[in-house]
Amino acid sequence: MNDTVTVPDPAGAKRTTTENAESGFLAPAGLSKNLQAVLVDLTALHLVGKQAHWNIVGPNFRDLHLNLDEVVDIARASADDIAERMRALHATPDARPAVVAEQTSLPEFPQGEVLTHDAIDLMTTAIEKTVGTMRTVHDEVDDADPTSADILHAVLEKLEQQAWFISAETRTPKQR
């Protein structure tokens, strides 16, 4: 097995050719770059969530197994929303496996079986990294295109809720 990833050339978002039915707002390069970063992390979160879903073992398996599918569904649908928004703005989304592997901010999920409590921490980190990317690019996205920022708002709400749901399994109450 190859331990390196070769990123295709060209990699990443680029502008598409404007066609007859497409007139209107064209994404500036910075907006395309920021939405591409979000797309990559959402795609990676989808993959990490399935990897965890398939390989967790231990206490409270079933609840976590089902909750991971909720995260996967949110990540997958949100990646599609971001990619379609990019296309509407004449940017080319790029979520090919090598591009996602090279550009994601998410840490690699371990291979093989993972104890449920370890998976909770790993998935919370993956969700928080994805949210961190969205929060990092948010202001620039909002300045360039408030409509795209609205999409980010909806995704942030869902993912932050999932981070809370998942992380609550292993948290202990703070002493008062």
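Lysine 50 and aspartate 69 form a salt bridge in this predicted model, with 2.9 Å between the closest N and O atoms; the term denotes a side-chain nitrogen of Lys or Arg within 4 Å of a carboxyl oxygen of Asp or Glu. The pair joins distant parts of the chain, 19 residues apart, as lysine 50 belongs to helix H1 (residues 29-55) and aspartate 69 to helix H2 (residues 61-88). Helices here are DSSP runs (H or I, at least four residues), numbered from the N terminus. Lysine 50 is buried, with a relative accessibility of 19%, whereas aspartate 69 is partly exposed at 24%. Buried denotes under 20% relative accessible area, exposed over 50%, and partly exposed the range in between (1.4 Å probe, protein chains only).

By the salt-bridge rule, the count is four. Among them is the contact of arginine 135 with glutamate 160, whose closest N and O atoms are 2.9 Å apart. Arginine 135 is located in helix H4 (residues 116-144) and glutamate 160 in helix H5 (residues 146-167), so this pair ties together parts separated by 25 residues in sequence. Glutamate 160 is partly exposed, at 32% relative accessible area.

A further salt bridge pairs arginine 96 with aspartate 94, with a closest N to O distance of 2.7 Å. Aspartate 94 is buried, at 7% relative accessibility, while arginine 96 is partly exposed, at 34%.

Residues are numbered from 1 along each chain as its sequence is written, and side-chain values use heavy atoms, with hydrogens and water left out. Because the model is predicted, local features need pLDDT of at least 70 and side-chain atom pairs count only at pLDDT 80 or more, whereas totals for chains, interfaces and linings use all residues.

How values were computed
Helices (H or I, at least four residues) and strands (E, at least two) are DSSP runs, numbered from the N terminus.
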